[in-house]
Amino acid sequence: MRTQVQTGDHLTIALSGGVDSVALLDLLVPFASQMQLPLSAVHVNHGISPNADRWSEFCRNLCQSRNISLEVARVKVARGPGTSLEAAAREERYRIFRGLQTDYIVLAQHLDDQAETLLLQLLRGAGVKGLSAMPVVRTVRKEMGGAVSVNSISALEGRPRLLRPLLDVSRREIEDYARARALQWITDESNDEISFDRNFLRHELFPLMEKRFPAYRTTFLRASRHMAEASALLDELAEVDSAQCAVPGKLHVEDLRKLGFPRARNLLRYTLTQHAVVLPSTVKLEEILRQLLSSYPDTKLHVVFGDTEIRCFRGRVHIRKAQTIVQAIPEACWHLVWRGEEQLPIPELGGTLRFTRRMGAGIGLQKIKEQPVTIRLRQGGERLRTDCKRPRRSLKNLLREASLPPWQRQRLPLIFSEEQLICVPGIGVDCDFQAADDEQGLLVEWQQAPVSP
């Protein structure tokens, strides 16, 4: 752990009140003091057990006795279709973790947890990524959608990292330590409920395995690390293939066809993971790939899975939030007034308008100071003259030439001065409103929201 953190890093322990996290807290207090690390705790109250409030109170008293600040987060666990209670509760925890202002969230997961996770993933038919060992350090992302390792966190800067310092320690060793230190902890009654898959493995299957294979924990860990290495190599291969098959961040179907099916599937899986998408089943993933490989530039491919959709336009693959879960397109009379904001979020259109001042570029500020500037949607028949040497042209043709997909045209915000269309983000500014070389101008950029938060 000393090799992972630096002086001044803020550690936040995920404190359930169970023996594992209580023992970890006991270890962290002197360690944080010695290393000059700010230490706090977070307790997630799922509200599932009738004893949940008592557990929260236990954690408050424990942290108070150690002079550690504690945040208690109350959540409501809602199970979606095909989602277990365990998975739904886990996602709520990670939602809380993602919002914490800290450097590391320290978890008490241990060697037995590793073994349980491996076998559960194996029973679900997971691939090498799913069978990989939990790493010591991982950047927080949607856990159900797969987190990313510390080696690929550049796109997630600012998010806290998960730190698991007990992964080589067994549950028995942790319990022995807690008893030797005379620690007190709470016991979750659901831990004995074998209707939960993890508990069934823990209480029914693993005791039998230990009689025959006493070293199964370390053996499983070694196998998981082999899988993690294979997964990393597949990601490196996907990065190489992505450089050959991607144009401005999007897969190109024609180049995808040049790969063998396994490599193409690996690349598609990797690309979806980079978009923070909850991966579909293997069967669904392969069906999506087959549809992509058999599509043509004029094919209107549209595949929806979970909260994600895949579309094709002119041979390029677009991955975005599914249309079915975003807000409906506003009515024809919809409009917004721009009041000088540098950033104008427009959730009903699924993005943000950004306004940047620059000399001699964009919309001339002097040309729009007399009339209100409004943002509207296409109604049909709009025309724009972006080249002062050419006649005014229909917006329909301009959008088509810009290769903007049809579904994006429906939600593209247009900038008007009074009733005059003066700017279309990504297309240009009307000649009559362009900033002169010596005039302060306004650059307008439309940024769509990412697939997942």
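**Close-up views of a predicted model**

At 17% relative accessibility, Glu286 counts as buried, and this value, like the others in these legends, comes from a predicted model.

**Figure 1. The salt bridge between Arg265 and Glu286 at the meeting of helices H9 and H10**. Arg265 forms a salt bridge with Glu286, and the closest N and O atoms of the two side chains are 2.5 Å apart. Arg265 belongs to helix H9 and Glu286 to helix H10, so the pair ties together parts that are 21 residues apart in sequence. The axes of H9 (residues 261-274) and H10 (residues 282-293) come within 10 Å and cross at roughly 110°, and the two helices are therefore roughly perpendicular to each other. On the H9 side the contact involves Phe261, Ala264, Arg265, Leu268, Arg269 and Leu272, which meet Leu285, Glu286, Ile288, Leu289, Arg290, Leu292 and Leu293 of H10.

**Figure 2. The crossing of helices H7 and H9**. The axis of helix H7 (residues 216-245) comes within 9 Å of that of H9, and the two cross at roughly 90°; H7 and H9 are therefore roughly perpendicular to each other. From H7, the contact is made by Leu234, Asp235, Leu237, Ala238, Glu239, Asp241, Ser242 and Cys245, while H9 contributes Arg263, Asn266, Leu267 and Tyr270.

**Figure 3. The salt bridge between Arg263 and Asp241**. The side chains of Arg263 and Asp241 meet in a salt bridge with an N to O distance of 2.5 Å, and this pair links distant parts of the chain, with Arg263 in helix H9 and Asp241 in helix H7, 22 residues apart. Arg263 has a relative accessibility of 37% and counts as partly exposed, whereas Asp241, at 3%, counts as buried.

**Figure 4. The salt bridge between Asp430 and Arg392**. In this pair, the closest N and O atoms of Asp430 and Arg392 are 2.5 Å apart. The two residues link distant parts of the chain, 38 residues apart: Asp430 is in the loop between strand S22 (428-429) and strand S23 (440-448), and Arg392 is in the loop between strand S18 (383-384) and strand S19 (393-394). Asp430 counts as buried at 0% relative accessibility, while Arg392, at 29%, counts as partly exposed.

**Figure 5. A network of salt bridges**. Side chains of opposite charge can pair when their charged atoms come close. The linked residues in this view are Asp112, Asp113, Glu116, Arg171, Arg172, Arg198, Arg202, Glu210 and Arg217. The structure as a whole holds 29 salt bridges.

**Figure 6. A nonpolar patch on the surface**. Ile194, Phe200 and Leu205 form this patch, and together they have about 230 Å² of accessible area. Leu205 is placed in helix H6 (residues 197-212), and with a relative accessibility of 30% it counts as partly exposed.

**Figure 7. Ala87 in the setting of the whole protein**. Ala87 lies in helix H3 (residues 85-98) and is buried, with a relative accessible area of 11%; its C-alpha atom is separated by 54 Å from that of Arg385, which is 298 residues away along the chain. The C-alpha trace of the protein spans about 85 × 50 × 40 Å along its principal axes, and the protein contains twelve helices and 23 strands. Of its 453 residues, 44% are buried. The accessible surface comes to about 24,100 Å², of which 50% belongs to carbon and sulfur atoms.

Notes:
Residues numbered from 1 in each chain as written. Predicted model: local features only at pLDDT ≥ 70, side-chain atom pairs only at ≥ 80, totals over all residues. Heavy atoms only, no water. Patch = residues over 30% accessible without salt bridge, like charges linked within 9 Å, V, L, I, M, F, W, Y side chains within 5 Å. Areas by Shrake-Rupley, 256 points an atom, 1.4 Å probe, with all protein chains shown as cover. Salt bridge = Lys/Arg side-chain N within 4 Å of Asp/Glu carboxyl O. Helix = DSSP H or I, 4+ residues; strand = E, 2+ residues; numbered from the N terminus. Buried < 20%, exposed > 50% of the residue type's maximum accessible area, 1.4 Å probe, protein only. Axes fitted to C-alpha atoms, helices over the stretch in contact; angles between N-to-C directions. Parallel < 35°, antiparallel > 145°, perpendicular 65-115°, else oblique. Contact = heavy atoms within 4.5 Å.
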